[in-house]
Each structure stands twice: as C-alpha cells, then as structure tokens.
Amino acid sequence: MDQMAKTQYISLCSSEVMSDPILDYISRILLEEEIVENFNGYQEAPNLQGIEKTFSDILEEKYPSNSHEKDPILTHIEANHSTDSQSEIFTTQIEANHSTDLRSKIFTQESGIESLSTMEFHRGVEEGLKFVPVIDKLTLSLQANKIGNDSSFINPELGEGERRGNKSKNNDGVNMDLLEGRNQKLPMISFEEPIRDYMFDQVLLYHGESHEIKEISSMSKIMQRKAKPRGDEEIHIDLRDLLVSCANALAINARKIAYGLIKEIREHASTNGDSTQRLAFFFVNALDARLAGSGSESYRHLASKRNTIAEYLKAYHIYINASPFYRVSYCFANYAILNATKKSSKIHIIDFGIHFGFQWPFLIQALANNRKGEIIKLRITGVNFPQAGFRPAQRVEEIGKKLKNYAETFNVPFEYQGIASNWEEICIKDLKIEKDEVLIVNTLFQFRRVKDEAFGYDSARNQVLNLIRQIKPHIFIHGVFNATFSPFFLTRFKQALLHYSLFFDIFDTKVPRDNKYREFIEREGLGRDIMNTIACEESDWVHRPETYKQWHVRNLTAGFEPVSMEPDIVKMCSKKMRIFNDRRFFIEENGNWMLQGWKGRVTYALSIWKPKLD
C-alpha cells in the first residue's frame, strides 16, 4: 500500500466524524426487511382500504352478482396466496386473518367478470405499492445514520406487536414466541432480492461516524442513576460467592445444598438488573440444568431457537456501538489485506466464519477509494457452519447477494461463492482457487466452534489449519476469542465466571438496562454459551476456546510462521478505539499479536501468518 493510500485508509478508520460501513451494511439489510414488511402489510393502511371498498361497491352496482359459485381462477389464486402467506417467515395467524378479511372486502363479487376485474385491480394495487415508501416503522436519521430515535436507536413503533412474527401486541420485553420459534414448524430466515432506495443510498455513501456511541453511553448513565436496588438486603449479598459455593456443592455431589443455594440465588438474580444479577441469572440456569441432568437438552433447545434477521442485526447494531472490539478487528484485518494485495488486480478471500459478512463493506469501499482508475476483481468464498433446516446453505448464499449489491454501489467487480459445511470436511477443490489470484485466508473469532483434541487425537482444528497451509495463501489472518476452560468442572466454572463477567460489565456500562436488544444479546449469545460451558460435558460441550498463546503454538506446529505487524496498523487501531472515549478499553502488542481488552483483561487477539517455506 503506497503512502497516500495508507494515509487515506488510516484517516478512514480513525476519523471521529465518519460513518461506519458496517452500520451502512446493517441498515441496508434492515431497510430491505422493512420494505418487504410494508409491502406485505399494505392492508393496514386505512386510506387504501377505503379506496378498495369504494371500488368494490362500484363494481357491485355495475355488475350485480348472478352466481354464488367462485370463479375457479380466482379461487386458485386465493388458495395459493393463502398458502404463500402461511409459509412466510414473519407471517402470523392474526395477520393472516386480517388479510383474509380484507380479501373478502375486495373480492365481494363472485361472477367471472367481477372476479377478473377485481383481480386486475388487486394486481394493480400490488404493483403500485412497490413504489410507495411506507417508512413509518423505520425512522432514518441522515445526520447520524442511525435507526430509530429512542435510547436503543429503535423506533418505539417497531415494538413486538408491530413486528411480523410476533403474536402479542401487549407483551413487554423480548417476545418469547419470536425467540423460540413456532412449535409447529421451524421457519427459515428469509432474504429478498436487494432493493435500492436513492435517499437511503445517500446515507450509505459513507459521510460521518455515527454519534450513537456517545448517545448510548450517556443514556446508560441516566438509566443507571434511575435504577434502584430491589431491597436493602440485596446490597450485602455476594452472588458470585453464592455461585461458586453452589458449584462446589455440585462438584462433591451435595445435591441438597446445591438445590438450596440455587433457590437462594434465584431470589436475587434478574435479567434486567445490574451486571452481577444478570450474570447470576444465566449461571444459575446452567447450574440448575446440570443438577437436573438436562444440560445437553437445555443447550439444544437454546441452539434450536429461530430469530429473525432484523432482530439479530439490531442487536448486533447495539453491540458494535457498545464495544469497539469488532470494528477494530475489521480495520486490522482489512488493512492487512490491502497491504498484501497492493499490486494485485485479482483478489480471492476465503473467509472461514463469514456469518453476515459485516467485515467486507469496509474493504469494498477502501478498494474503491484507494485504487481509483484500476480494475480490481474481488472474489470472496464465504464459509459458514450449516444452518439447521432443509436449506443449510441459505444464509451463506444470500449474504453473497447483499455483498454483491454493495460492491455494485462502488463499481467493484465482485464474485461470491458460499459454502455451508463443517470446516474440516472442506476439500481444496471446493474452494475453486485460480492461479492468477492473490489468495487471502481470513477467520475471525469462529475457530473456537471447531472441535479440538477432546473429540479425537487428529482434531478438526488441526485439519483445518493443514488445509489452509496446503492452499498456500499469501497471508492468513487469524482472530481468536481469548479464553480457556479446564476439563475439570469446578476450575472451568471459576474461569467462565471471570470471563463472562467482563461482557456483562461492558454492557452495564455502555447500554441502558431496559434495552431489549441488550437482553437479546445476553440471552441468545452469552446465555447460550454459558449453558454449554457449565451444563454440558464430553461431546456435548462444544464451546471450547483457547488463549492466543495456545493458538500461537498450534499455528507454529501446523507449519505457519508469524508475519511482523507494521507500526501503522496498531496506531490506526488505537485511534479507532479512542473514538469510544473510554480508557478502560485497551490495545497492545505482544509477540506479533494485537490484543484488545477491557480493564486489563484480554478478550480478543489478532495476528497475521504465512505458510513456512518447504
């Protein structure tokens, strides 16, 4: 990367008045979700209902009904429309009934002439509504590039009762039906083709850093000042000590003592209290499941829950504004990629654990800005674990469509391949590597979900590392979740208690306690991992992270050597972290690893590797 491009990229990453492409990318997907919902929910517009009813009355006067038999074409269309509505991911029975009532108003005439006329009107309404910008449920602020206008940046009109897929309009907090999915069938996450919106593209074109970081921190302080303890006795209770005592009782099989302690902890634990109360809530659930012998079943139940993509993205939106870890990590990785490919016109990135692809809009925009006038072809192979259901590759494939749409915004030639598979099952030929491309392997924080030596001597982690070495990438960017859990229960419990308390502490400092998406993150992210770590054993215990020092040894053994980091990359990431204006977050370098953490404890680590020469 030449000096001018390097300066532009550092400025891009560290400016306090710039927007973040990650937020742009999230907002783009959310907008598409809202457009789909508004189109499907047009029957709720009273003015349109009035027009439909008036037109139906006119038809009735002009063409009186002569037959009580339904037109066969109309009957078939209505049946198919009903079936399609039932299969939509966000469709509820309440809305289906509403839609049926509306159709009964529109299709009041039963003769063939009336049915066809009404069909034409109905088709015209559907076509017209594609161009109606109904944005009541999603308020966009062009100045701050944020979603919503309350403390959680979510419009109050986007409450549970308004979202498709929720069954109650009066339920406070996170809707349990939404989190658990339907009992009758497991819905699949639904993506639509990218829809472009001119006004929203103005927000996407990367103008200023959102001010949400400061806003969410100030709102958190206000909410915490208003918070009151549940009772004077709660101040003197050490929930962590009670948790450790309960774990001790379980370790020696003192079941009655453990049961009594669980009961006492539950009286003071809460999902909407302070960080310690929330931590205690999820740990006592895991202890209770372990005591009952239902840990594996409880974890599978949590893992099988289906959440909408909109819910997930809004929760992630809160997370990246509360913590700098992912933003800084993306800046680190993308800088390394740009530096390694500065003279290349064809770039192929294999991303193990692409998830929703939040890292890549930043790189696409940097390529467009730093190498103007050059034709640079970008290929991304996104690898994800298979998704449950009949379409295991749906998410990883659809993410490619989102990224392609984003690349078109910046005129970057783009190709994408999605692979849904366990990582150790992937072969070289699956990756479709070409000779004239610069190959980059990227994996951030998902390697901990690959099986280690507890599942066999030749672990899946080593198999994946061997695959990466065999394809000989130009560089291998490795980001790890820095933790280690002992195979011995009591030691593991204490390690996990210390480790997860850090994240609850960050959220309590940065996010208001009544924010429903904070509860979503804690329940669906931290709570699920806690249940697996504490309540499961042997092959059911799958969440097995390793420290960056352990990964360093593993990478060396697999045939890699570390690449020295440039001083600029650490300086750039430090500037990015200073945007959060909190000295408790820190960055430091240790043995070719860039470490990130909170209050002196390392949470994430990143490094750059390359295969050793034979």
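**Note on helix packing and positive-phi residues**

1. Helix α13 has these buried residues: Ser-275, Gln-277, Arg-278, Leu-279, Ala-280, Phe-282, Phe-283, Val-284, Ala-286, Leu-287, Ala-289 and Leu-291. Buried means under 20% relative accessible area, exposed over 50%, and partly exposed in between, with a 1.4 Å probe and protein chains only. Helices (H or I, at least four residues) and strands (E, at least two) are DSSP runs, numbered from the N terminus.

2. The basis of these points is as follows. This is a predicted model, in which local features need pLDDT of at least 70 and side-chain atom pairs count only at pLDDT 80 or more, while totals for chains, interfaces and linings use all residues. Residues are numbered from 1 along each chain as its sequence is written, and side-chain values use heavy atoms, with hydrogens and water left out.

3. Overall content. The protein has 23 helices and eleven strands. Of its 614 residues, 56% are buried. Take the contacts between residues at least 6 apart in sequence: 80% of them join residues at least 24 apart. Contact means heavy atoms within 4.5 Å.

4. More on α13. The helix covers residues 275-292, 18 residues in total. From first C-alpha to last, α13 reaches 26 Å, close to the 26 Å expected at 1.5 Å a residue. The expected span is 1.5 Å times one less than the number of residues. At the start of α13, a side-chain oxygen of Asp-274 comes to within 3.1 Å of the backbone nitrogen of Thr-276. Gly-293 follows the helix, with a positive phi near 75°.

5. Helix α11, residues 239-251. Its 13 residues reach 18 Å from first C-alpha to last, close to the 18 Å expected at 1.5 Å a residue. Buried here are Leu-239, Leu-242, Leu-243, Val-244, Cys-246, Ala-247, Ala-249 and Leu-250. The buried residues of α11 pack against α12 (255-268), α13 and α20 (489-510). At the start of α11, a side-chain oxygen of Asp-238 lies within 3.2 Å of the backbone nitrogen of Arg-240. Just after the helix, Asn-253 has a positive phi of about 65°.

6. Helix α16 against α23. The axes of α16 (residues 325-340) and α23 (residues 567-578) come within 9 Å and cross at roughly 155°. α16 is therefore roughly antiparallel to α23. The crossing is right-handed. From α16, the contact uses Phe-325, Arg-327, Val-328, Cys-331, Phe-332, Tyr-335 and Ala-336. From α23, Asp-568, Ile-569, Met-572, Cys-573, Lys-576 and Met-577 take part. Axes are lines fitted to C-alpha atoms, for helices over the stretch in contact, and angles run from 0 to 180 degrees between N-to-C directions. Angles under 35 degrees count as roughly parallel, over 145 as roughly antiparallel, 65 to 115 as roughly perpendicular and the rest as oblique. A crossing is left-handed if the near helix is turned anticlockwise from the far one by less than a right angle, and right-handed if clockwise.

7. Helix α16 against α17. α16 and α17 (residues 360-370) pack at about 40°, with axes 10 Å apart. That makes α16 oblique to α17. This crossing is right-handed. Cys-331, Asn-334, Ile-337 and Leu-338 of α16 meet Trp-360, Phe-362, Leu-363, Ala-366, Leu-367 and Asn-370 of α17.

8. Helix α15, residues 309-322. α15 is mostly covered, with 13 of its 14 residues buried. The helix reaches 20 Å from first C-alpha to last, close to the 20 Å expected at 1.5 Å a residue. Leu-313 sits in α15 and counts as buried at 0% relative accessibility. The C-alpha atoms of Leu-313 and Tyr-517 are 9.7 Å apart, although 204 residues separate them along the chain.

9. Helix α15 against α21. The axes of α15 and α21 (residues 516-535) come within 9 Å and cross at roughly 100°. The two helices are therefore roughly perpendicular to each other. In α15, Glu-311, Tyr-312, Lys-314, Ala-315, Ile-318 and Tyr-319 meet Tyr-517, Phe-520 and Ile-521 of α21.

10. Loop residues to check. Most residues other than glycine have a negative phi. Asn-581 has a positive phi, near 55°. It lies in the loop between α23 and β9 (585-590), and counts as exposed at 68% relative accessibility. Lys-599 also has a positive phi near 55°. Its loop joins β10 (593-598) and β11 (601-611). Lys-599 is partly exposed, with a relative accessible area of 46%.

Definitions and conventions. Polar contact = N/O pair within 3.5 Å; in protein donor to acceptor, adjacent residues only side chain to side chain.
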